[in-house]
Amino acid sequence: MLETRKEVSYLLCAKDSKVSLMRFKYDGISVDLSYAQLKVMSVPDNMDVLNPFILENIDETSWKCLSGVRANMQILQLVPNLEILKIRSGQVPVSVAVP
């Protein structure tokens, strides 16, 4: 799919990485995209990566990739106020976040 897009160039699969990784340029911007291979016919838009059933019957590389995403999501669930976290980490300009 990506290789047919005119915005995409320099598409390759990083074989030496610990997780499945595609590297490409999108409109001149370098992108490293990790992905997991799930044994499903299609992935619903509302898929919950925290559901333990998605870890069944996947290869080790995909498991490692999903583990990082799952850990980040679980940490974010513990944060009481995400807007304050975004402001303090510099993700949202203070002038936008404060009414």
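K64 is partly exposed, with a relative accessible area of 36%; the classes used are buried for under 20% relative accessible area, exposed for over 50%, and partly exposed in between, with a 1.4 Å probe and protein chains only. K64 forms a salt bridge with E60, the closest N and O atoms being 3.6 Å apart; a salt bridge here is a side-chain nitrogen of Lys or Arg within 4 Å of a carboxyl oxygen of Asp or Glu. The model is predicted: local features need pLDDT of at least 70, side-chain atom pairs count only at pLDDT 80 or more, and totals for chains, interfaces and linings use all residues. Residues are numbered from 1 along each chain as its sequence is written, and side-chain values use heavy atoms, with hydrogens and water left out.

**Salt bridges**

- A search of the whole structure finds 3 salt bridges.
- E60 and K64 both lie in helix α1, 4 residues apart, which is about one turn of the helix; helices (H or I, at least four residues) and strands (E, at least two) are DSSP runs, numbered from the N terminus.
- E60 is exposed, at a relative accessible area of 56%.
- R5 and E7 meet through their side chains in a salt bridge, at 3.2 Å from N to O.
- E7 counts as buried at 17% relative accessibility, while R5 counts as partly exposed at 41%.
- The side chains of R23 and D32 also meet in a salt bridge, at 3.2 Å from N to O.
- R23 is partly exposed, with a relative accessible area of 34%.
- Side chains of opposite charge can pair when their charged atoms come close.

**Sheet**

- An open sheet of 3 strands has the order β1-β2-β3, with antiparallel pairing; two strands pair if DSSP finds at least two bridges between them.
- β1 and β3 stand at the edges with a single partner strand each, so one side of each is left without a neighbour in the sheet.
- From one strand to the next, the twist averages 15°; axes are lines fitted to C-alpha atoms, for helices over the stretch in contact, and angles run from 0 to 180 degrees between N-to-C directions.
- Strand β2 (residues 21-26) is joined to β3 by 6 bridges, and the two run antiparallel.
- F24 has V31 as its bridge partner in β3, and K25 has S30 as its bridge partner in β3.
- Of the 6 residues of strand β3 (residues 29-34), the number buried is 0, so β3 lies largely in the open.
- Strands of a sheet pair through backbone hydrogen bonds, either parallel or antiparallel.

**Hairpin turn and positive phi**

- β2 and β3 form a hairpin with 2 residues between them.
- D27 is found in the loop between β2 and β3 and has a positive phi of about 50° although D27 is not a glycine.
- D27 counts as exposed at 59% relative accessibility.
- Y10, in strand β1, has a phi near 55°, a positive value in a residue other than glycine.
- Y10 counts as exposed at 55% relative accessibility.

**Loop residues**

- S20 lies in the loop between β1 (8-13) and β2.
- S20 is buried, with a relative accessible area of 13%.
- Leaving aside neighbours within four places in sequence, S20 is in contact with L33, S34, Y35 and T61; contact means heavy atoms within 4.5 Å.
- A36 lies in the loop between β3 and α1 (60-78) and is partly exposed, with a relative accessible area of 25%.
- Leaving aside neighbours within four places in sequence, A36 is in contact with S62, C65 and L66.
- A36 and D59 are 23 residues apart in sequence and 8.7 Å apart in space, C-alpha to C-alpha.

**Nonpolar surface patch**

- L76, L82 and L85 form a nonpolar patch on the surface, with about 230 Å² of accessible area together.
- Patches are made of residues with over 30% relative accessible area and no salt bridge; like charges are joined within 9 Å, and nonpolar side chains (Val, Leu, Ile, Met, Phe, Trp, Tyr) within 5 Å.
- Accessible areas come from the Shrake-Rupley method with a 1.4 Å probe, and for residues only the protein chains shown count as cover.
- L82 lies in helix α2 (residues 82-88) and counts as partly exposed at 35% relative accessibility.
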